[in-house]
Structures are given as structure tokens and as C-alpha cells.
Amino acid sequence: MLAPLTSAQSSQTPVITFAPEQCCLSINQFHLAYAGKPALRDLTLDVPRHRVTAFIGPSGCGKSTLLRAINRLHDLNESVSHRGYIALEGQDIHAPQMNVTELRRRVGMVFQTPNPFPMSIYENVAFGLRLQRRLPKRKRDDIIEWALTSAALWDEVKDRLHRSAWQLSGGQQQRLVIARTLAVQPDVLLLDEPASALDPISTLKIEELIRNLKSQLTLVLVTHNMQQAARVSDYTAFLQNGELVEFGLTDQVFTNPRLQRTENYITGRMT
Ligand SMILES: Nc1ncnc2c1ncn2[C@@H]1O[C@H](COP(=O)(O)OP(=O)(O)OP(=O)(O)O)[C@@H](O)[C@H]1O
């Protein structure tokens with residue numbers, strides 16, 4: 001497990017800092033408002049590389065807003081204003097020289113409802129690759145097999161790659177969407193409640209996949225499911241009212257939270 005450099009905790013500004021070589025995303029005093037109404041309040045948080053970090057907290061606390069901020073999905077929403085700093089591998093994501101298309105390749109995002117495109121399984125995974133660069137077919141096929149294998153889907157679809165993606169089950173569709181994201185080799189995968197629309201067996205497959213993927217990239221998971229956060233994440237950030245309340249090792253946050261507010265949420269005394 002990564003050892004934080006510093007762990008200074010107060011009820012106002014909990015801060016855990018990782019060494020630069022351990023830190024993938026660095027969020028510093030980040031504030032975001034919709035039409036002037038704050039959704040994230042001066043949030044400071046480091047996301048460690050090659051680990052799973054869970055964002056938990058009551059509905060409306062700002063979890064999805066923070067995920068969307070990390071790959072600049074708010075750019076087209078004119079009502080959004082923000083200040084502060086988010087860095088990916090030390091680079092300010094809002095710097096003028098930041099290429100947003102390249103940022104979104106490096107920071108993939110998977111949503112609650114599986115959203116395969118209306119095309120074949122093969123073409124879904126090839127989609128981002130085709131936008132990115134021209135590849136010889138052999139090379140493209142290799143990447144598609146690698147991405148589907150990484151998403152634990154290859155064995156189930158290898159004989160029907162050219163059938164419609166919409167013929168897959170919901171759980172398979174979600175793994176296909178993850179394969180599509182992996183194919184362009186992101187550094188970070190943001191998962192916004194990726195299993196909440198799935199049955200228990202598909203949910204366990206997604207959880208196993210998340211645990212396995214951290215050897216390849218950094219994962220951030222938004223979930224309402226406390227057991228899921230405890231099962232798959234290494235670190236947990238608890239947000240409330242747009243503020244970071246507590247951040248620490250998942251084992252510590254779940255078994256020995258520092259703050260009463262965290263304990264109340266985790267034990268279901270606050271929803
Ligand atoms: N596009 C938007 N325009 C205006 N307000 C928004 C928008 N999206 C979110 N909000 C508001 O920002 C706050 C944070 O919302 P957000 O969706 O990030 O919370 P959340 O923690 O992800 O909630 P949930 O767990 O219910 O998905 C809420 O008050 C919400 O109403």
C-alpha cells in the first residue's frame with residue numbers, strides 16, 4: 001500500500017499528500033458552482049496512481065460533479081464556473097496548452113447506464129482507435145483483443161465480434177464500454193456508479209475487473225454502495241455538501257473513521 005507523505009487532518013481541511021511519483025491526480029482548492037451555486041467547495045485531494053479511490057457521500061454532495069471536472073465535461077455548460085487547480089501527472093488540466101481531446105483520451109469515463117454505440121462489438125472497441133490514428137488491421141485487431149481481454153469480455157464475445165453490441169446483456173455491455181475506453185490506453189478510468197444498473201453477478205464481475213485493472217491504470221469510483229467501496233477501493237474520500245470531510249485508507253475509513261460525520265454516513269445513520 002502507498003504510504004502518504006503527510007496526513008494532517010482537521011475537520012476543515014483533511015489533506016493526504018503523496019510523493020509526486022505516487023500521485024496521479026492532484027486536486028487543490030478546487031471550487032465549482034452551477035449558476036453561482038457551489039457544488040464543490042475548495043476541495044483538496046490527491047489521487048494515488050495505480051490504486052482504486054472511491055468517492056462516497058450522500059446524494060447531491062458533488063461526487064459526479066468532481067468526476068466530470070476531472071475530464072472537463074463541464075466545459076460546454078456555460079452556467080459552470082470554477083477556480084482552483086486539478087493536475088493530471090503534474091499538468092494543469094485547465095492550462096491553455098492542454099489539449100482537451102487528449103485529456104479525455106487519458107482520462108476515460110464510464111457512466112451508470114451502459115452506453116454502447118449502435119454498431120458491432122468490434123466497431124465499438126475500434127471507435128476511439130479509429131479517431132486517434134490509422135492502424136494496420138492486424139495491429140487494430142490485436143489492440144481490440146487486448147482491450148476485450150482486459151475488460152474480461154473476450155472469451156464471451158470472441159466468436160461474435162461482428163454482431164450488434166446491443167445483443168449483449170447489461171453487464172456485458174458495461175464491460176464492452178470499459179473495453180472501448182481501455183482501447184485508447186488511458187492513464188485514469190473514472191467510473192460513475194458503473195454497477196448500479198446491473199444484477200448481482202454482473203456487479204461482482206465489474207468489481208473483480210476494477211480490482212484487476214489497477215495494475216494497468218488509476219481508477220476513481222463513485223458509488224452509493226458502501227460494501228462495494230469497501231470491497232474494491234484502496235482509498236476512500238467521503239464528501240458532504242461539496243466538501244471533502246474525510247480521506248484515508250479504505251480500511252481505516254470504514255473500520256475506524258476519524259470523524260463522527262463519516263461514521264454516521266457509513267453506518268447508515270445519515271443518507
Ligand atoms: N447540470 C447541473 N446544473 C445545475 N446543478 C447541478 C447540475 N448537476 C449537478 N447539480 C447540482 O450540484 C450538486 C451536486 O450534484 P452531483 O450530481 O455532483 O452530486 P452526487 O453526489 O453525484 O449525487 P448523486 O449521488 O445523487 O448522483 C447538487 O446540488 C446538484 O443538484
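Guide: A residue is called buried if 20 or more other C-beta atoms, placed from the backbone, lie within 10 Å of its own, exposed if 12 or fewer do, and partly exposed in between. This is a predicted model, in which local features need pLDDT of at least 70, side-chain atom pairs count only at pLDDT 80 or more, and totals for chains, interfaces and linings use all residues. Residues are numbered from 1 along each chain as its sequence is written.

Visitor: Which exposed residues does helix 4 carry on the face turned away from its buried side?

Guide: That face carries Arg138, Lys139 and Asp142. Helices here are DSSP runs of H or I with at least four residues, numbered from the N terminus.

Visitor: And which residues of helix 4 are buried?

Guide: Ile144, Ala147, Leu148 and Ser150 are buried in helix 4. Seen down the axis of helix 4, the buried residues fall within an arc of 160° (taken from the directions from the axis to the C-beta atoms), so they line one face of the helix.

Visitor: What do they pack against?

Guide: The buried residues of helix 4 pack against helix 3 (121-132), helix 5 (154-157), helix 6 (170-182) and helix 7 (200-213); contact requires C-beta atoms, placed from the backbone, within 7 Å.

Visitor: What follows helix 4?

Guide: Ala152 follows helix 4, and its phi is positive, near 55°.

Visitor: New topic: which residues surround the ligand?

Guide: Among them are Tyr34, Ala39, Lys63, Ser64 and Thr65, where near means a C-beta atom, placed from the backbone, within 6 Å.

Visitor: Which helix gives the most to that shell?

Guide: Helix 1 (residues 63-70) gives the most, with three residues.

Note on methods. Helix = DSSP H or I, 4+ residues; strand = E, 2+ residues; numbered from the N terminus. Contact = placed C-beta atoms within 7 Å.
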